[in-house]
Amino acid sequence: MPESLDSWFKREIIVHEAPLTRFLRRLCPATEDIPDLRQETYARVYEAARKARPASAKAFMYGTARHVVVDRIRRRRVITIDTVRDLDALPDLVDDVTPERQAAAGQELRVLAWAFDALPPKCREVVWLRRVDRLTQREVASELGIAEKTVENHLAKGMKRLAELLLGNRQGDAPDTMQHPNENSHGQHQTD
Amino acid sequence: MDSTRQTEDTAAHWLARRELEDWTVDDQAQLDVWLDAAILNRVAFLRLETAWEQTRRLPALAPGAGRRSVPPRDGWNVSPFFERRQGEALPAARFRQPLTWAAALLPAALLAGWYLWPGDRTFETPIGATASIPLQDGSNVTLNTASRIRIALDDRERRIELRSGEAFFDVAKDPTRPFIVEAGARRIVAVGTKFSVRRDGSAVSVIVTEGAVRFDADDAGLLEAGAVAQTRGDEVAVVSKTVREAEEALSWRTGYLTFDETALGEVVAEFNRYTPRPIRIGSARLEDLRITGRFRATNTDAFIRVVEQGFRVEVEAGEKEIILR
């Protein structure tokens, strides 16, 4: 049933966005289209899960991400001996792509507060008035003195940023840790 | 690819409309058509929906808040949010979107709208880590491995004390408040520029990649973009390079070390800044080997492998150190 596939996908796949992003970044340290690779990974996982849900969602997700990257590299013909070696070594790396840390009780709320505060002022107001005060689009518009269409635009923008912040920093990745470059521990040697 | 972004935009508008409008069966039917049109559409939508559902707990943040009043930033009652221990970095977030590949690699990315509090704070990075620290004035500091810095901003000046290690400064223009970096006995003054300062004991080196800085206020004078200044005892030697060469010397910011015909001894010294298990050169004949290439700073193994295969060097990997013979 499509409905339950959607919620399975959210629960088992999308919640791992932070480690998935790190994983992709580690595979492709020099690329800017991480979101692109990420979405392609999501799409392939979703498509496969339509036929049969993988037993281990997360391992399947990493495997898929790896394929996405390998395909991309082949298409662009920028393969180097080191890249190949590193890609072959990938399955071993998966284990130490740290999964989410266990969140302390208050942690999730703190992350939420932090993400919410990071929104631009108008987005932040729109999100609050809608989400918490349950104002209608018209009420939000008159409350803030902006057009109704603008309310939609701010909300859409806020939703995008919240996804970036909340999913990208899932479970305590955000407020008080710094990432270590050695998370990208596979080698790359370029001589030109 | 732009299409990822476009798809995300469209998905966000669908989700916003569903949230805001009186959602009819017709609307839902239209949304379903869009969702079914491509799996990329569907996963983009599900992704935003997942995050949006997490905001359901927003009311829990301000239980007593009056209706129609949006609580101020940082006004949350979620306790130890900001009781960060000294040395911990500020929140890292992938927020500012147009990431250059360099910024994408910065271990801790920037967060727009999120600033260091005024006052006095100390930050440090462990071996092998780097951290990005956005300052209240819009400047940004990138700390390299094993570095320690104190930041004090007030109305009159922005004062940074580099206690050890290396830092790169992207300084926001503010003529009324000079940006001063102190490294031991040396002072570097900037007004809107990009430069790095590295300290090894009392030796200090400065690399400027944009604008200009005053080194020690009086003696070495103005350092322009491309300048590499190095103290030797009391003297300061300044070499002018191209901005590109200067940038290369700062490739650590992207997680890489770049070498161009660099002596093995020097290369090894660089790598050793990033690892608790240092490399030692155990044979004099190796000192003169020249290395060219780009390596991940924290991946000593890859470097060792290249040296091993390329130069027929024997590698003795002990628990505390790695010896090259």
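Here are some friendly notes on a predicted model, with a few things to look for in chains A and B.

1. Let us begin with an overview of chain B. Its secondary structure comes to 7 helices and 18 strands. Of its 325 residues, 51% count as buried. The accessible surface of chain B is about 15100 Å², and 47% of that belongs to carbon and sulfur atoms. Contacts across the sequence are worth a look too: among those between residues at least 6 apart in sequence, 45% join residues at least 24 apart.

2. Next, the aromatic rings. Take Trp8(A) and Phe9(A) as an example: their pair is tilted, with 6.5 Å from centre to centre and 45° between the planes. Both Trp8(A) and Phe9(A) are buried.

3. Phe9(A) also pairs with Tyr42(A), and here the arrangement is edge-to-face, with 5.8 Å centre to centre and 80° between the planes. Phe9(A) sits in helix H1 (residues 2–12) of chain A, while Tyr42(A) belongs to helix H3 (residues 34–51) of chain A, so the pair ties together parts that are 33 residues apart in sequence. Phe9(A) has a relative accessible area of 0%, so it is buried. Tyr42(A) is buried as well, also with a value of 0%. If you step back, you can see that ring pairs link Trp8(A), Phe9(A), Tyr42(A) and Tyr46(A) into a cluster.

4. Which residue has its charged end over the ring of Phe168(B)? That residue is Arg253(B), 3.8 Å from the ring centre. In another case, Arg296(B) lies over the face of Tyr256(B), at 4.7 Å from the centre of the ring.

5. Now find Thr64(A), which is part of helix H4 (residues 57–76) of chain A. Is Thr64(A) buried or exposed? Its relative accessible area is 7%, so it counts as buried. The side chain of Thr64(A) reaches the backbone oxygen of Phe60(A) at 2.7 Å. Not counting residues up to four places away in sequence, Thr64(A) touches Thr41(A), Arg44(A) and Val45(A).

6. Chain B has a threonine to look at as well: Thr300(B), in helix H7 (residues 300–311) of chain B. Thr300(B) counts as buried because its relative accessibility is 8%. Setting aside neighbours within four places in sequence, Thr300(B) is in contact with Phe271(B), Thr275(B) and Ile279(B).

7. Strand S9 (residues 203–210) and strand S12 (residues 227–232) pair in the antiparallel sense over 3 bridges. Within this pairing, Ser205(B) has Gln230(B) in S12(B) as its bridge partner. S12(B) is also joined to strand S13 (residues 235–240) of chain B, by 6 bridges, and these two run antiparallel. S12(B) and S13(B) form a hairpin with 2 residues between them, and Gly233(B) in the turn has a positive phi of about 60°.

8. S2(B) is joined by 4 bridges to strand S3 (residues 140–143) of chain B, and the two run antiparallel. Ala131(B) stands opposite Leu143(B) in S3(B). This hairpin has 5 residues between the strands, and Gly138(B) takes a positive phi near 100°.

9. Finally, consider two backbone angles. Arg134(A) is not a glycine, although it has a positive phi of about 55°. Where is Arg134(A) found? Look in the loop between helix H8 (121–131) and helix H9 (137–144) of chain A. With a relative accessibility of 43%, Arg134(A) counts as partly exposed. Ala146(B) is not a glycine either, and its positive phi is about 45°. Ala146(B) belongs to the loop between S3 and strand S4 (148–153) of chain B, and it is partly exposed, with a relative accessible area of 34%.

Notes
Residues numbered from 1 in each chain as written. Chains lettered and ligands numbered in written order. Predicted model: local features only at pLDDT ≥ 70, side-chain atom pairs only at ≥ 80, totals over all residues. Heavy atoms only, no water. Buried < 20%, exposed > 50% of the residue type's maximum accessible area, 1.4 Å probe, protein only. Contact = heavy atoms within 4.5 Å. Areas by Shrake-Rupley, 256 points an atom, 1.4 Å probe, with all protein chains shown as cover. Phe/Tyr/Trp six-rings, centres within 6.5 Å; stacked < 30°, edge-to-face > 60°. Lys NZ or Arg CZ within 6 Å of the ring centre and 35° of its normal. Polar contact = N/O pair within 3.5 Å; in protein donor to acceptor, adjacent residues only side chain to side chain. Pairing = 2+ DSSP bridges.
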